[in-house]
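Subject: Structure handover

Hello,

Here is the structure we talked about, with my notes below it. Please look through the model before reading on.

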Amino acid sequence: MSFGSGLSATTSVVLLLLIASLSFLPLSALAAEPKLRFGSNGEFKILQVADMHFADGKSTPCLDVLPSQVKGCSDLNTSAFIHRMILAEKPNLIVFTGDNIYGPDATDAAKSLNAAFAPAIASNIPWAAVLGNHDQESTLSREGVMKHIVGLKNTLSQVNPPEAKSIDGFGNYNLEVGGVKGSSFENKSALNLYFLDSGDYSTVPSIPGYGWIKASQQFWFERTSSKLKQATTPERTCTGACILSYSITRIC
């Protein structure tokens, strides 16, 4: 199911929760060389792509377009739009925030996922993804979809945090962004991005509708946040800027 504008206009909303902290974290909490880092201009740009609803490519027609636009309009319009946005914005990270494919219209989930993320993969820019409520409605389970995403080129997505023995959903993880190379914050984590799986649909008979964040995910979030705070270097306190943490999930 593709939309003429290139991105869908569903009722799904992405929640970006901004949390400020008071000091920078040592890079020991990161890999030796962070995969993500602020640029020399002090900026870190994220291109967010929500609700592509990608299906079978050229054979999937557009919805919600003018009659004169129907002919020749397909999933490929979405791909072209995302490609243009990448070229125009030149982001440091591309984040796909769910309903990446529309399961009921996708005859082969793996092929649809490959095509949906193709513009990001071709750009050689790091990218990450979380799931919506439609991603698992094709030929792959919710876990299978996330495992397939993790295996794609240039992605920083994770199925789940390795340290979490038991956690609800698939696609819960966090990514840390290092400071400007050559600056006093080069070995600090200046930005932390949390990705959370809000599920698909309610599994509680008395509560209809969509799923939600579970206690196990909240526990992991709080524990991870606490560990990062404990790793804070006391003498490096925030003056003009603070650590930023974003929680990237979906509320449908």
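Are Arg142 and Asp197 buried or exposed? Both residues are buried. Please bear in mind throughout that this is a predicted model.

Salt bridges

There are four salt bridges in the structure. In one of them Arg142 pairs with Asp197, with the closest N and O atoms 2.7 Å apart. This pair links distant parts of the chain: Arg142 is in helix α4 (residues 142–150), while Asp197 is in the loop between β9 and α5, 55 residues apart.

Helix α4 also holds Lys147 and Glu143, which are four residues apart and therefore separated by about one helical turn. Their side chains meet in a salt bridge at 3.1 Å, N to O. Glu143 has a relative accessible area of 31%, so Glu143 is partly exposed.

Another salt bridge joins the side chains of Lys181 and Glu186, at 3.6 Å from N to O. Lys181 counts as exposed because its relative accessibility is 52%. Glu186, at 22% relative accessibility, counts as partly exposed.

Aromatic rings

The model contains eight aromatic pairs. One of them is formed by Phe96 and Trp127, an edge-to-face pair with 5.8 Å centre to centre and 90 degrees between the planes. The two come from distant parts of the chain, 31 residues apart: Phe96 belongs to strand β6 (residues 93–97) and Trp127 to strand β7 (residues 127–130). Phe96 and Trp127 are both buried.

Tyr194 and Trp220 form an edge-to-face pair too, because their ring centres are 6.0 Å apart and their planes are at 80 degrees. Here a strand is linked to a helix across 26 residues, with Tyr194 in strand β9 (residues 188–195) and Trp220 in helix α5 (residues 215–230). Tyr194 is buried, as is Trp220.

Ring pairs also join Phe96, Phe117 and Trp127 into a cluster. Elsewhere, Lys214 lies over the face of Trp212, at 5.0 Å from the ring centre.

Asn174

Which residues does Asn174 touch, leaving aside those up to four places away in sequence? They are Gln158, Asn192, Leu193, Tyr194, Trp220 and Thr224. Tyr194 and Trp220 in that list are the edge-to-face pair described above. With Asn192 there is also a polar contact, side chain to side chain, at 3.1 Å. Asn174 itself is part of strand β8 (residues 173–178). Its relative accessibility is 17%, and the cut-off for buried is under 20%, so Asn174 counts as buried.

Backbone

Most residues other than glycine have a negative phi. Two residues are worth noting on that score. Asp64 has a positive phi, near 55 degrees, and is not a glycine. Asp64 is placed in the loop between β5 (62–63) and α1 (75–89). At 67% relative accessibility, Asp64 counts as exposed. Asn124 likewise has a positive phi, near 65 degrees, in a residue other than glycine. Asn124 sits in the loop between α3 (118–123) and β7.

Regards

Notes
Residues are numbered from 1 along each chain as its sequence is written. This is a predicted model: local features need pLDDT of at least 70, side-chain atom pairs count only at pLDDT 80 or more; totals for chains, interfaces and linings use all residues. Side-chain values use heavy atoms; hydrogens and water are left out. Buried means under 20% relative accessible area, exposed over 50%, partly exposed in between (1.4 Å probe, protein chains only). A polar contact is a pair of N or O atoms within 3.5 Å; within protein, one must be able to donate a hydrogen and the other to accept it, and residues adjacent in sequence count only if both atoms are side-chain atoms. Contact means heavy atoms within 4.5 Å. Rings of Phe, Tyr and Trp (its six-membered ring) pair if their centres lie within 6.5 Å; planes under 30 degrees apart count as stacked, over 60 as edge-to-face and the rest as tilted. A charge sits over a ring if NZ of Lys or CZ of Arg is within 6 Å of the ring centre and within 35 degrees of the ring normal.
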